[in-house]
Amino acid sequence: MATQKHRDRDAASNSTEGELLTIHNAFHQGQYQAVLDFDTSSLSQSNVIPARVLKLRAQIATGDAQGAISDSQKETGPDFTAVKAFAQYSSGDNAGATKLIDQLIESLSENATVQILGGIVLQANGRTEEALSLLSKHQGNLEAIALITQIHLQQNRTDLALKEVSAARKWAQDSLLVNIAESWVGMRVGGDSYQSAFYVFEEMAQTPSSTSSKSLISQAVSELHLGRLPEAEAALNQALQNEPKDIEAIANAVVLATIMGKTTEQQQYLDELKKGQSDHPLLIDLEEKSSLFDQAAGKYSARVSS
């Protein structure tokens, strides 16, 4: 006999494999304009709000967080309040976003949009256990599973990340999100898993119907792990050609230029990253490591031979 959780998982899976499949896949492939252009006029009533939420999130992803705040305020319900909070976070109003998310979690933690967007905001604020607790309330939501996997990887708990995607693979084996999450884990596991992850990201990046800057960046990172630096550079250049201001493309270009010893390009990309997002995790990490190095160097003094 099927359990309630299995039935909920089947319902969630059928939702994303049905009339929302195209818009879901476009969103998670980083094809945000396709999401914005998606025709929702023929959707069943139960899928209208999930589709609208994806459109608002795509609006945020394309840099129009303020517009998404304004648009979400025209709607009613917890889904749109969660979108507003996420838009506030994306626009730099972290205090307002976390306050709103905390209010939503108090009474509406079973709402899928609250779980997903709340989980992102909580994790971004270092509230990892709270984020995992919220996301674990999901009922077969593959995006929640992908986010839990991401958090475990950030915790350096590859074992838990692998456990999460392995469990999801049993009941959502053809899901794009499961393929992507499994590839994230593969990039951490290494070995033959690098090549498996590359195949997933390359197919997404090089197929006209699914290509995006996001998938090209993923391909570049997998190429980098495989030691194929020229190929990684080509993929990143393509991503930057498509979207010159893509922050993640610029951040990865900094890393690649450093590895390839291209100091001029490294500094150029570093300046662009500072201008585009001064609090990017890469910049924070570099600052922390620079400070640690200075502290270590300060313990030693140069000796001059007589």
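Visitor: Is Glu233 buried or exposed, and why do you call it that?

Guide: This is a predicted model, and in it Glu233 is buried, because its relative accessible area is 17% and the cut-off for buried is under 20%.

Visitor: Which helix is Glu233 in?

Guide: Glu233 sits in α15, which covers residues 229-242.

Visitor: And what is Glu233 in contact with, leaving aside neighbours within four places in sequence?

Guide: Leu256, Met260, Lys262 and Glu265.

Visitor: OK, switching topic. In the largest nonpolar core, which residues touch the most other members?

Guide: That core has 28 residues, and Ile60, Val83, Ile116, Leu117 and Leu135 are the ones touching the most other members. Helices α4, α5, α6, α7, α8, α9 and α10 each supply at least two of its residues.

Visitor: Which helix gives the most?

Guide: α6 does, with six residues.

Visitor: Back to Val83, then. What is Val83 in contact with, beyond four places in sequence?

Guide: Val83 contacts Val53, Leu56, Ile60, Ser72, Thr113 and Leu117. Apart from that core lies another one of 21 residues, including Leu256 and Leu270. Leu256 is also one of the contacts of Glu233.

Visitor: Nice. What about Leu104, buried or exposed?

Guide: Buried, with a relative accessible area of 7%. Leu104 lies in α7, and not counting residues up to four places away, Leu104 touches Pro78, Thr81, Ala82, Ser109 and Val114.

Visitor: How many Å apart are Leu104 and Asp37, C-alpha to C-alpha?

Guide: 29 Å, with 67 residues separating them in sequence.

Key
Residues are numbered from 1 along each chain as its sequence is written. This is a predicted model: local features need pLDDT of at least 70, side-chain atom pairs count only at pLDDT 80 or more; totals for chains, interfaces and linings use all residues. Side-chain values use heavy atoms; hydrogens and water are left out. A nonpolar core is a set of buried Ala, Val, Leu, Ile, Met, Phe, Trp, Tyr and Cys residues joined through side-chain atoms within 4.5 Å. Buried means under 20% relative accessible area, exposed over 50%, partly exposed in between (1.4 Å probe, protein chains only). Helices (H or I, at least four residues) and strands (E, at least two) are DSSP runs, numbered from the N terminus. Contact means heavy atoms within 4.5 Å.
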